[in-house]
Amino acid sequence: MATACRFAAPLGLATLPRGRVPAGVVVAVAQCGSKVSRGVAVRATSGGEGVTEDVPEIVKAAQDAWDKVEDKYAVATIGVAAIVALWTAAGALKAIEKLPLLPGVLEIVGIGYTGWFTYRNLVFQPDREALISKVKSTYEEITGSSS
């Protein structure tokens with residue numbers, strides 16, 4: 001009993017039925033020994049026939065926000081630095097998690113610092129306003145803009 005060697009249809013596309021192939025269709029063919037198998041059919045169109053451009057609203061909003069940015073280099077640099085910092089922090093946390101006793105101690109320290117920061121900067125209105133102004137001034141120093 002001969003086994004058929006067929007291409008797997010990627011992305012869930014069905015194989016062509018046996019018989020005549022419609023015009024404009026390219027068929028992938030594989031040969032295993034003396035048996036020929038037909039693969040996935042792909043139809044190429046020109047001129048954008050049947051192509052609809054449905055861009056989600058979030059993509060449009062992101063494009064609009066990016067177009068409004070004056071210093072794209074600074075924003076891109078901050079974004080890349082944030083990604084590198086998150087990646088580095090995740091690696092450091094994975095290494096620390098492997099140490100005995102240290103994760104529990106650091107968790108207690110983190111809870112304590114969070115409580116202290118909240119009481120010091122977020123509970124009272126003048127402290128909140130001072131924190132917001134400090135964050136804004138730091139952002140302006142980093143980006144070099146004053147908005």
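This section describes the fold, surface and annotated spans of a predicted model of one protein chain.

The secondary structure of the chain consists of four helices and two strands. Along the sequence these elements are arranged as β-β-α-α-α-α. The chain has 147 residues, of which 7% are buried. Its accessible surface amounts to about 12,600 Å², and carbon and sulfur atoms account for 64% of that area. Of the contacts between residues at least 6 apart in sequence, 23% link residues at least 24 apart.

Two spans, residues 73-93 and 99-119, carry the feature "transmembrane region" in an unreviewed UniProt entry. Residues 99-119 are 86% helix and 0% strand; here the end C-alpha atoms lie 31 Å apart.

Threonine 143 belongs to helix α4, which covers residues 125-143. The relative accessibility of threonine 143 is 12%, so the residue counts as buried, the cut-off being under 20%. When residues up to four places away in sequence are not counted, threonine 143 is in contact with Asp71, Ala74 and Ile78. Of these partners, Ala74 and Ile78 fall within the annotated span 73-93.

Technical notes:
Residues numbered from 1 in each chain as written. Predicted model: local features only at pLDDT ≥ 70, side-chain atom pairs only at ≥ 80, totals over all residues. Heavy atoms only, no water. Buried < 20%, exposed > 50% of the residue type's maximum accessible area, 1.4 Å probe, protein only. Contact = heavy atoms within 4.5 Å. Areas by Shrake-Rupley, 256 points an atom, 1.4 Å probe, with all protein chains shown as cover. UniProt positions renumbered as here; feature names shortened; annotations may be inferred.
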